[in-house]
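Dear colleague,

I am passing on the structure we spoke about, and my notes on it follow below. Please read them with the model open beside you.

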Number of protein chains: 2
Amino acid sequence: MEFLKVDSLDSAREKMLLRVKDRLVSKESVPLLESLGRIAAKDVLAVEDIPSFRRSTVDGFAVLSGDTAAAGESMPVFLTVKGRVEMGQPATISITSGECVEVPTGGMLPKGADAVVMCEYTEEFGPDGIAVSQSAAYGENVVLTGEDAKAGALILPRGKKILPQDIGALASSGVACVCVYTSPRVTVLSTGDELVSLKQNTKPGQIRDINTYALASLAKKHGFCVVSTEVLPDDEAALEQAVKSAMERSEIVIVSGGSSKGKKDMTRKVFDKLSLSGVYTHGIAIKPGKPTILGYDEAYGTLMAGLPGHPVSAMIVFELVLGWLLREATGSQGPPAVPARLSCNAPSSPGKLTCWPCKLIYDADGYTAEPVFGKSGLITTLTQADGYFVTARDTEGLKTGELVMVHLF
Amino acid sequence: MEFLKVDSLDSAREKMLLRVKDRLVSKESVPLLESLGRIAAKDVLAVEDIPSFRRSTVDGFAVLSGDTAAAGESMPVFLTVKGRVEMGQPATISITSGECVEVPTGGMLPKGADAVVMCEYTEEFGPDGIAVSQSAAYGENVVLTGEDAKAGALILPRGKKILPQDIGALASSGVACVCVYTSPRVTVLSTGDELVSLKQNTKPGQIRDINTYALASLAKKHGFCVVSTEVLPDDEAALEQAVKSAMERSEIVIVSGGSSKGKKDMTRKVFDKLSLSGVYTHGIAIKPGKPTILGYDEAYGTLMAGLPGHPVSAMIVFELVLGWLLREATGSQGPPAVPARLSCNAPSSPGKLTCWPCKLIYDADGYTAEPVFGKSGLITTLTQADGYFVTARDTEGLKTGELVMVHLF
């Protein structure tokens, strides 16, 4: 019986990060609207106060708040209307006590004014006057200069996944292009004599290739750029040729191969041959996903990842290893995990971190996490799951009712 | 003081759905890899058993489990090796008691075999025999025919947002194209004399347009297809022309206009003029977002949505009204909301459902939801928030420590 010298997940991640370092991503500038969902590669500061002038938040009259202090329905205050501020125009009139200026929502406050009375609380009074029936406190219905963001304030931190509101904030500050991290290029190679492509009919003993589709989609979802996918037979020369060619145009080459011993040896041999320093991780103490191989070629700056052939194992290793790497390299975070109570015991495996695909069921008591059981080759284990949680290695695992954090798919 | 006859959110949604009905989306077929993130428009059933034959999950020997029942390290069982199954080839040999066949991981089980012994628990014994040192239970290390999905089983339900694992499951079933809902076409018009485009410098009284950027990005994030965006002055003829032209190529025309009374009247007038049955909702009892206008034109099949000019209000109305509509029309669901404890009181507004942008803070006790306070014009209220929760109308609101469900941005 052969034991692989396996790395813990933490150690495999650390070794990978040490090698890949800053070479996984670079920076590029994209037009504002194309930055949605990308990761900010630089802090963006407001170049000017937003807004750059005091604005009214209502249709009404700009006043000196002190003038209105005594105003009430039975005892209105009378003010002289000095004019009107037009939208998009500077407020050229200034006011002093006893005076006011009409302003539209979004209009600029005139000098002297410190509050706005909504027009609902005013009535025309005489040719150029109004009666105010409610007091306005200092600053009421006014957005101050720089109240949204002061010049120099951080409006987009490095590492943030850019949301529509970030794009709005950048637009308000006049930012037309955003510096984001590049999407690392990925090639997915799926090996196996038993694999046939989607267009072919399967014969007895053959199955359709899943991994080029599943892994390419997963890579895309995580923000990688998939440059090519290929299904290969179990042939060392063909694999070597395909990996070599992929290294020229990819930061990551994934080989998902059958999990049988001979095939794994072949992947390792090819990685060792094509990379300067060879394979540095052979086996990770995770379940599923143990037969994972990682190597790095310094010359091309390419990470080589040999993932299990079982689609579920391959996808989980992608999540835990390559998804993690991209977040680490860009300083970004995944979406918040959802807390849920376990519907049954989840015993941990000796020596291995275990990843549990699960359903999330919501009721009055909150979420329940219900593990989806299935052999690791069964893709439907994942299609039925909403996410996954993990149990640490060398623990007793978790018991029914304990809280787990579910990472959503 | 003028009161608008406002709809409740539920009533505005119901009236909208009644009009838009099945005309918001249609169905289209896309290649498998392009279906990621789209919404399935039809149930997809497995056309054949997956897998279509019994497969080994390990490298080992296919056996009759009964033969191995007594096997142990000190008392091995001896079996005759009848041959080997090759990957991707049918298993042509059949076995009976006392016999076995070598199978690789993923290989087809021969007739007669009902379990696989891992090669780690076997040793060569003589020219064509092995010694088995551990018993294998019936079905051990075997994936049965149809165990992943039986022919006719549902592998992708209508309304599901397609994930990488769904693409994997579809690939395994030989599905090369997927029927998904079309992305409704949206035009975003932002009106205001005070608005200048990103490329211009602002003069006193002017601000940069936020809403074409923020709403177009939000629409894209929700799965709409943004066909065009435009910034317009407050001019009725220009608005009418722009809306009319947008109706020809959009299922939804959004006009985000200043929230001042005169502007709202203009939007309403244009909607009334250009749609057969006119505006049916003028004002929704939500905070922020009350001055929302909805109309529908049966001839073009276009929904007209007048959103507030304040970016935060406009985005929240988009989430609560248009985002909801697309999910309803496609039978899809948003991601699960995250339960969190309130960090402070959240009093509800009389007569209005209130939407609270909030941060999610995680500690040992789980998540805390911390409302981000700010006037509705301030886009940074949203950039600081991770999501939002709502308080129902005509309630007392929620108190510190109460549980809220946070919908993530």
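What rotation, and how much shift along its axis, superposes chain B on chain A? In this predicted model, a rotation of 180° with 0.0 Å of shift along the axis brings chain B onto chain A, with an RMSD of 0.0 Å. That is the relation of a two-fold axis, and within chain B the C-alpha nearest the axis belongs to Val338(B), at 2.9 Å from it. Of the interface residues of chain B, 100% are also interface residues in chain A, so the copies meet through the same surface.

As to confidence, the predictor gives the complex an ipTM of 0.95 and a pTM of 0.95, while chain A has a mean pLDDT of 95, with 98% of its residues reaching 70 or more.

Within chain A you will find an open sheet of 6 strands with mixed pairing, in the order β16-β13-β17-β21-β20-β18. Because β16 (225–232) and β18 (279–282) of chain A stand at the edges with a single partner strand each, one side of each is left without a neighbour in the sheet. Neighbouring strands of this sheet are turned against each other by 15° on average, direction ignored.

The partner of β16(A) is β13(A) (residues 185–191), and the two pair in the parallel sense over 7 bridges, with Ser190(A) standing opposite Val231(A) in β16(A). Helix α6(A) (residues 261–274) packs on the sheet, where it touches β13, β17 (252–257), β18, β20 (293–297) and β21 (302–307) of chain A, and its direction makes about 175° with that of β21(A).

Note on methods:
Residues are numbered from 1 along each chain as its sequence is written. Chains are lettered from A and ligands numbered from 1 in the order in which they are written. This is a predicted model: local features need pLDDT of at least 70, side-chain atom pairs count only at pLDDT 80 or more; totals for chains, interfaces and linings use all residues. Side-chain values use heavy atoms; hydrogens and water are left out. Two strands pair if DSSP finds at least two bridges between them. Helices (H or I, at least four residues) and strands (E, at least two) are DSSP runs, numbered from the N terminus. Axes are lines fitted to C-alpha atoms, for helices over the stretch in contact, and angles run from 0 to 180 degrees between N-to-C directions. Contact means heavy atoms within 4.5 Å. pLDDT is the predictor's confidence in each residue, from 0 to 100. Copies are superposed by least squares on the C-alpha atoms of residues with pLDDT of at least 70 in both.
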